Structures are given as structure tokens and as C-alpha cells.
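Thanks, everyone, for making the time this morning. I would like to walk you slowly through one model, so please look at it on the screen while I talk.

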Amino acid sequence: MAQAAAVAKPPAPPRRRRASATPRRLPYLLIGPAALLMLGFIAYPVISVFYYSLQEYNPTKPWRNGFAGFDNFVKIFTDDPVFWDTLVFSAKWVFVEVGLQLLFGLALALIVNQTFVGRGVGRALVFSPWAVSGVLTSAIWVLLYNSQTGVTRYLADMGIGSYGTSWLSDTSTVFSAAVVADLWRGVPFFAILILADLQSVSKDLYEAAEVDGASRFKQFWHITLPHLKDAIILSTLLRAVWEFNNVDLLYTLTGGGPAGETTTLPLYIANTSVDAHDFGYASALTTVAFVILLFCSIVYLRLSKFGGENK
């Protein structure tokens, strides 16, 4: 009996409870409603645009509504000179705006990254225009460009120019005036992103470069600029897409005029749908604009080697 008790088997370990599947699914259950709402708000408009791009749909002419196939797209590329004019102007607008905003934003970021008295206030002033909405920005610049009470009036008082001059109604000055107005709002975007990336540059790199006798320009070219590569690529891509789709500022400033000089492709789409009520053709234009942006974005990211190592 004693030997039997001595060789008795030890008690079996307690069974491990099977892990419940609910805790693992809980994060997905929590984000599920928000994800469905976002999918609905994003997917439904996109699908609707693709659907109506194949339709002849004008609520003011219901007898003509129906399936149009690819007729809208054929018309865009073969029988719509306004499309090509607005596309060329959109490319010009994006190139000029993004290029100038990047240059001024980079300069401002480098300035406010330095240590000086009142740096916090300076940063707040630099970044404040980005907090202003597009419509409010347009209203501010409409007042500044007003021929009776704006900048041109004070310049005329000083003998520069003539009274009653309106930069927004003159085809020779309207583009420059619109560019300056959008620069005021867009430059802080680049300054914010670039400044945030500048904070992560190690000071040891600059100290080592100074010991080696590198000038300020060489430090910027070989240390700062390579470090900012991905931030610059991402910010220029985002801003290019936003500038291409810019409607509020140009619509409020010029309405696409004078004589269609400042009509971008998105503004042409808005006029076609809202004013002409031709939603089928406007949807086809939107689809073409989407494909153009998607193609240009992919090519830009591949050529720029976004996320790759700097050599």
C-alpha cells in the first residue's frame, strides 16, 4: 500500500480554458460601424459617378435621359475644346502653385526652425493662414483686390497704376493675382510638414559637417535635403491633388473668368453639372479627371522612389 501510494500519479494539470474568439474580434466589431459609414460615403459617390458617366442624364431634359455608353467619353476627346483648354490650365496652375508653395514653404520652415526670440509667435503667424477656409480666404483677397477699396486704390494714390484697375478682371494679371492669393494659404502647409521633419534631423550630423569644413549650403544639400526627401515627395503629391481639385478659391475669386482664363477642369465640371445640369457629361469628365490624377500619382511616386533609401 505504501509503495502504491509512493508511485501514485501526480494530479493532472488543470485544463486550459479555450480562448474566446470574442476578444480577438472585438477591435473589428468596434471599428466596423465607422468603417461601414466611411465605405458608404466614399464608395457610393464613386460608383454613382462611374454609373452616370455612361448615361445621358439631365433633369431639365428628361426625354433625353438614358444609356449613352461611351458617347460622353468620345465627345470629351473629340468634340470638346473646352476640356483641353481647362486641362492645360489645370496643369499650369498645379505646376506653378505647387512649385512656388514648396520653395516658400521650405524657406519658412528653415527660418522658423532656428532659435530666436519670439519663435513661438513667429511660428503661429506663419501657420495661421492654413487654418482659414478656402471661401474665407477668397473673401479676404476679393476685398484686397477690390478696385475701389483694395490695394490698387492705394497704389494709385501713390502714383503707381491708375484708379479703377481690377487685377481680377484683366486677362494679363488675373492669373498672377489668383496665384498670390492661393500662395498665402498654401505655403503654411509645406512649412508645417517640412518643419516637423526638420525636428528629427540629428544635430550631430551638422556638427560633424562643420568640423569637416562644410559650408552652410553643403550642409543643406547633403544633410537637410536628403532627409526631407520623403516629406517633400508626399507633401507635393498631396498638394498637387488638392490644387488640381481647387474649386472654392477660383470660383469665388474669378468664377473661371475673365473669358474662361482661370477655368480649371474641376471648375468646368462644376459648371457643367450645377449650371448646365448635364450630370451625365459632368460624371464622364470627373471619371477622366480621376484617371488622370491616378496615373500621374503612380508615375510620380515611382519616379521619385518614395520611401526608398537615399543614395
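Ala214 sits in the loop between α9 (203–211) and α10 (216–227); the helices here are DSSP runs of H or I with at least four residues, strands are runs of E with at least two, and both are numbered from the N terminus. Setting aside residues up to four places away in sequence, Ala214 touches Ala209 and Gln219, and by contact I mean heavy atoms within 4.5 Å.

Before going further, two words of caution. This is a predicted model, in which local features need pLDDT of at least 70 and side-chain atom pairs count only at pLDDT 80 or more, while totals for chains, interfaces and linings use all residues. Residues are numbered from 1 along each chain as its sequence is written, and side-chain values use heavy atoms, with hydrogens and water left out.

Now to how the helices pack. The axes of α4 (residues 81–112) and α11 (residues 229–244) come within 9 Å and cross at roughly 140 degrees; axes are lines fitted to C-alpha atoms, for helices over the stretch in contact, and angles run from 0 to 180 degrees between N-to-C directions. That angle makes α4 oblique to α11, given that angles under 35 degrees count as roughly parallel, over 145 as roughly antiparallel, 65 to 115 as roughly perpendicular, and the rest as oblique. The crossing of α4 with α11 is right-handed, which is the term for a near helix turned clockwise from the far one by less than a right angle, with anticlockwise being left-handed. On the α4 side the contact includes Trp93, Val94 and Val98, and on the α11 side it includes Ile232, Arg239 and Phe244. The residues of this contact divide into eight nonpolar, three polar and three charged, where Ala, Val, Leu, Ile, Met, Phe, Trp, Tyr, Cys and Pro count as nonpolar, Asp, Glu, Lys and Arg as charged, and the others, Gly among them, as polar.

What does α4 meet in α13? Val82, Phe83, Thr86, Leu87 and Ser90 of α4 meet Leu265, Pro266 and Tyr268 of α13, and by class this contact has six nonpolar, two polar and no charged residues. The axes of α4 and α13 come within 8 Å and cross at roughly 140 degrees, so α4 is oblique to α13 as well.

Staying with α13, its buried residues are Leu265, Pro266, Leu267, Tyr268, Ile269, Thr272 and Ser273, and they pack against α4, α11, α12 (248–253) and α14. Thr264 lies in the loop between α12 and α13 and is buried, with a relative accessible area of 1%. Leaving aside neighbours within four places in sequence, Thr264 is in contact with Thr86, Phe89, Ser90, Asn246 and Leu250. Just after α13, His277 takes a positive phi of about 60 degrees.

A further pair is α3 (residues 71–78) and α14 (residues 279–304), whose axes come within 9 Å and cross at roughly 65 degrees, which makes α3 roughly perpendicular to α14.

Which residues touch the most other members of the largest nonpolar core? They are Ile76, Phe83, Ile194, Phe244, Leu265 and Leu285, out of 30 residues, a nonpolar core being a set of buried Ala, Val, Leu, Ile, Met, Phe, Trp, Tyr and Cys residues joined through side-chain atoms within 4.5 Å. The elements giving two or more residues to this core are α3, α4, α8 (174–198), α11, α13 (265–275) and α14, and α4 gives the most, with eight residues. Not counting residues up to four places away in sequence, Leu285 touches Ile76, Phe83, Tyr268, Ile269 and Thr272.

Leu183 counts as buried because its relative accessibility is 12%, and its contacts, not counting residues up to four places away in sequence, are Glu97, Leu100, Gln101, Phe104 and Pro188.

Key. Buried means under 20% relative accessible area, exposed over 50%, partly exposed in between (1.4 Å probe, protein chains only).
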